[in-house]
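Here are my notes for a colleague who is opening this entry for the first time. Please read them with the structure in view.

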There are 2 protein chains.
Amino acid sequence: MKRYEQLADQISELIKRGDLPPGARIPSIRGACMAWGVSPATVFRAYYLLENRGMIKARPRSGYFVLPRARELLRQSPETSLRTAPKTVNVGELVFEVLKMIRQPETVPLGSAFLSPALFPMARVGKSCATVNRSVDLATMVDTLPPGHEDLRQQISLRYLMAGMTVPVDEIIITSGALEALTLSAQLLAAPGDVIVTEKPTFYAALQAIERLRLNVVEIPVDPMEGHDLDALARALQQHPVRACWFMTSFHNPTGVTLGDSKKQALVDLLARHDVPLIEDDVYNELHFGPDPVRPAKYFDRNGLVIHCGSFAKCLAPGYRIGWAAAGRFAGGLERAKWMTTLSASMPAQRAIADYLEHGGYERFLHKLRRELTHQQSQMLDAISRYFPANTTATKSDGSYFTWVALPDHVDSIQLFQAALKSGISVAPGPIFSADGAFRHHVRLNYGYPWSARLDRAVATLGALCADESRCGAKLAGPVQPS
Amino acid sequence: MKRYEQLADQISELIKRGDLPPGARIPSIRGACMAWGVSPATVFRAYYLLENRGMIKARPRSGYFVLPRARELLRQSPETSLRTAPKTVNVGELVFEVLKMIRQPETVPLGSAFLSPALFPMARVGKSCATVNRSVDLATMVDTLPPGHEDLRQQISLRYLMAGMTVPVDEIIITSGALEALTLSAQLLAAPGDVIVTEKPTFYAALQAIERLRLNVVEIPVDPMEGHDLDALARALQQHPVRACWFMTSFHNPTGVTLGDSKKQALVDLLARHDVPLIEDDVYNELHFGPDPVRPAKYFDRNGLVIHCGSFAKCLAPGYRIGWAAAGRFAGGLERAKWMTTLSASMPAQRAIADYLEHGGYERFLHKLRRELTHQQSQMLDAISRYFPANTTATKSDGSYFTWVALPDHVDSIQLFQAALKSGISVAPGPIFSADGAFRHHVRLNYGYPWSARLDRAVATLGALCADESRCGAKLAGPVQPS
């Protein structure tokens, strides 16, 4: 037991015996240091532990006080509140419920947006991080300022080359993850009140960013088999002063669909005729299951109108938060936006990834990862077909790690989300993928975790819940917000 | 000489001899690999080097081509274009001119916003970075997601405690530098068209962020001796529906002024009466020259209305991009904004700084840094008094590393900026610190670099330029944009 834990237990004992009654101010950090002969950090940690146990509470400028119910709490057995269903089903709230689930390892993460961390070469990337950051040449420190670390941008340009694309280094701006590249692009291209075209369904962070930027949105349908409805896009371009499109043209989240080359060409041509930029979210690009890379819409762009946004978060190093935009004619504007928003992307992470790309064996790792994900998709689709009700359909994708599941009409996905949570399973309910809470009979399931008996059981549980109309019945469901 | 350099020289030779004439397509990466028996990375680097030399150019989807003037370029001696004065004096452009100067080590950085990297314990922080990131416990990876790494937030809370403030860990959100904390706060509190109160003069990034967020701004004067004009603030609060104030109450950039405790108390009370939040930019907080910390306005806040924004970029680890907000009642909203903007701050940097704060000897380092900066301020003020014209005044500050210099009326600071640049010296001209291009007779000078004969000479040169009306005369200056 560490010193601060001992100290916390000593203070607990005082509270339990009533020596420190509810409402009492406990000793100041300085006072406690003197009284117990320990460092401020030890006292602080002890108090922090007691706060987490619900026994004391910090009040700004006043100090720490014993909470009213602290004595009773001590006598109760610890209870987890993890399994409580969310109180409201506001769509915005739902997104955060789903996102925060990742912090809870007890929950089976079928609703997660992330791959299993176990699939990544974290040790090898960590080695790069340690090697290149142990000492820093002062003269090169400024090199990670916008547009970003030159070695890293060269490596990214080289990966484009390997995929048959010539993207000059000058066009590449390093960002704090792809999400920053995407939102800065939207902010650069459209002012509040301007119209931007998105997909339906789409990635919820796009919806949130567009809401925060106060943009008006026109949604065009994305079919899980056919992809983006270009006729609807053509009409939107005629009817509205569209400032940009924000699309995911390969391994679309959540549907998994990938536009073919000819459709991508048609999309780029259509936008070029209207001189409308495309913000292309291509974060799953490296996770293709076929032998060859899938060409992004950027490949077909001859006008510098496509801002291609990529990331290492999904395919190499989650948490490092290194993404980029290959921004075409908008590179200059995006570089300035980056200077003025978060200055540079974090230096240790930029250096680490540049070093890994050069020396770490990225191609070999990706090869293995793609094979694993292909296998995991088979397992997931097989389990769904075994356990879910008869008229369920689940998309099979050529890459990434999601399947978009259309449930029978009697199943309400928000009811399913809540019921599943009580069983310790997360799912991503359809309504979080559109602005109007549509897709009440869809869920997105994640197969980015190595297959296991636990996952198999979780899919079985979901299947049983779907069959149980009394728990997930659409007819019982109230309106989306609030229920 | 490395292999790619050899290859670049071989190709240079072909261009020089005319074997590869202007406009010619040079071999593809694949072709070059086969022809010269090297890896794609080597070819890529060679081509990149040739691009930088201005000899070839990448064209998207087409490949690399010899540039028209490549042969002539080869015969000229290399010329640097660094000393060229900017073509326009648009204030927005000026900011980027000043910012980008940091990338040019030849320029004497009196206009820089940064401290000398040599002053930071980069080796010790790098050691922390290497130690804690060499391997990563997968179970703890999610711990750096918003609100941020728990150890780091505890350490920050502990630093508040040391300064006599109780700031609960729950209130602290880790961000990608303080700039993100500030801009997310502004975005959270005010919608496009809403009114926000700023300072005049103020930090240019605040102006840029407010412009990008399409907020309306009311400026209140900041006097280099007296600080913020609270009467003007009171009037603004009565006349406008103010959504927030964005102030720097200690070691104000650019004036250096610090509000005393009673004035900070009065500011907080005034805002509390109007229920208006304060976004407090306190990034220079640790750089106090006196023995005791300076209390921020946050210290006097009893209503959770102050969002206190801090950073390690100015006092420990530039480039790591780790800042935070102690966000009072807005902590929940800010955490969500962070999830939706750049997800988390970079994991290796969060871990490295948490480890350094616990084990690195931060207090000892800061003690030394404060002493150095105090000394550097004396040297700078002494040099200014020796070299600048008689009716020049320069502020002396109790912390940070800037002096705000009021030049004689005949000197135009944009003319001085341009003339100084021709002499290889950067300054930060007054007009970049306000929305309307005021302060044409002011410059901000940086004393965050160890004093040297080179700095002394640079200040002497600036003084001589100021005395030379034919080069920096205010009467010769045109309007601010464009000149």
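1. A crossing of helices is called left-handed if the near helix is turned anticlockwise from the far one by less than a right angle, and right-handed if clockwise. Helices here are DSSP runs of H or I with at least four residues, numbered from the N terminus. In that sense, helix 6 of chain A passes helix 13 of chain A in a right-handed crossing.

2. This is a predicted model, in which local features need pLDDT of at least 70 and side-chain atom pairs count only at pLDDT 80 or more, while totals for chains, interfaces and linings use all residues. Residues are numbered from 1 along each chain as its sequence is written, chains are lettered from A and ligands numbered from 1 in the order in which they are written, and side-chain values use heavy atoms, with hydrogens and water left out.

3. Turning to the two chains, the contact (heavy atoms within 4.5 Å) takes 87 residues from chain B and 87 residues from chain A. The area buried between them, meaning the accessible area (1.4 Å probe) lost on being put together and summed over both, is about 8000 Å², with carbon and sulfur atoms giving 61%. In chain B, Arg61(B), Arg103(B) and Met340(B) lose the most area to chain A, together 11% of what that side buries.

4. Between chain B and chain A the count is two salt bridges, each a side-chain nitrogen of Lys or Arg within 4 Å of a carboxyl oxygen of Asp or Glu. Arg45(A) forms a salt bridge with Glu358(B), where the closest N and O atoms are 3.3 Å apart. On the side of chain B that touches chain A, helix 7 (residues 150–162) of chain B supplies the largest share, eight residues.

Technical notes. Buried area is the accessible area (1.4 Å probe) that two parts lose on being put together, summed over both. Helices (H or I, at least four residues) and strands (E, at least two) are DSSP runs, numbered from the N terminus.
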